[in-house]
Amino acid sequence: MHALVVIWDLSAGSKISMEGLREYIRDESMTRFRQVEGLRQKTWISNPETGRWGAVYLFEKREQADDVVAHVNEGRVVQLTGLTPSIERFDV
């Protein structure tokens with residue numbers, strides 16, 4: 001198994017609020033990520049005190065995680081926030 005932790009620092013000047021991002025999850029993201037091959041779990045996380053927001057992904061294989069990483073910087077959240085996330089990888 002392989003995990004990704006993708007974090008945006010919204011305090012760096014995000015174009016959208018955490019509440020707006022929660023609407024994005026509900027209206028767009030959940031449906032799209034249900035179809036990602038090898039994705040076992042995706043959990044969105046947020047910390048209003050620090051302005052950090054992101055997701056923890058759990059994949060069957062590293063290659064499947066690589067496919068998501070390859071597209072994160074062109075993804076919808078980057079468009080919504082105007083920010084580039086930090087990405088960390090972990091073996092599980």
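**A walk across the sheet and its side chains**

The model is predicted, so local features need pLDDT of at least 70 and side-chain atom pairs pLDDT 80 or more, while totals for chains, interfaces and linings use all residues. Residues are numbered from 1 along each chain as its sequence is written, and side-chain values use heavy atoms, with hydrogens and water left out.

**The sheet and its helices**

Colour the strands next (DSSP E runs of at least two residues, as helices are H or I runs of at least four, numbered from the N terminus). Four strands form an open sheet in the order E2-E3-E1-E4, with antiparallel pairing (a pair needs at least two DSSP bridges). At the edges, pairing on one side only, are strand E2, residues 39–47, and strand E4, residues 86–91. On average, neighbouring strands of this sheet are turned by 15 degrees against each other, direction ignored (axes are lines fitted to C-alpha atoms, for helices over the stretch in contact, with angles from 0 to 180 degrees between N-to-C directions).

Zoom in on E2 and strand E3, residues 52–59, which pair in the antiparallel sense over eight bridges. Tryptophan 44 stands opposite alanine 55 of E3. Select helix H1, residues 18–33, and you will find it packed on the sheet, touching E2 and E3, with a direction that makes about 175 degrees with that of E2 (contact: heavy atoms within 4.5 Å). Helix H2, residues 62–72, also packs on the sheet, where it touches strand E1 (2–9), E3 and E4, and its direction makes about 20 degrees with that of E1.

**Charged pairs**

The structure holds five salt bridges (Lys or Arg side-chain nitrogen within 4 Å of an Asp or Glu carboxyl oxygen). One of them, in which the closest N and O atoms are 3.7 Å apart, joins glutamate 19 to arginine 22; these two are three residues apart in helix H1, and therefore about one helical turn separates them. Glutamate 19 is partly exposed at 44% relative accessible area, and arginine 22 is partly exposed at 35% (buried is under 20%, exposed over 50%, partly exposed in between, 1.4 Å probe, protein chains only). Next select arginine 26 and aspartate 27, whose side chains meet in a salt bridge at 3.1 Å, N to O; both residues are exposed.

Then move to glutamate 60 and arginine 40, where the N to O distance is 2.7 Å. Because glutamate 60 lies in the loop between E3 and H2 and arginine 40 in strand E2, this pair ties together parts that are 20 residues apart in sequence.

**The aromatic rings**

Finish with the rings, among which there are five aromatic pairs (Phe, Tyr or six-membered Trp ring centres within 6.5 Å; planes under 30 degrees apart are stacked, over 60 edge-to-face, the rest tilted). Tryptophan 8 and tryptophan 53 make a tilted pair, 5.8 Å centre to centre with 50 degrees between the planes. That pair links distant parts of the chain, with tryptophan 8 in strand E1 and tryptophan 53 in strand E3, 45 residues apart. Both tryptophan 8 and tryptophan 53 are buried. Tryptophan 53 and tryptophan 44 are stacked, because their ring centres are 4.6 Å apart and their planes stand at 25 degrees. To see the whole cluster linked by ring pairs, select Trp8, Tyr24, Trp44 and Trp53 together.
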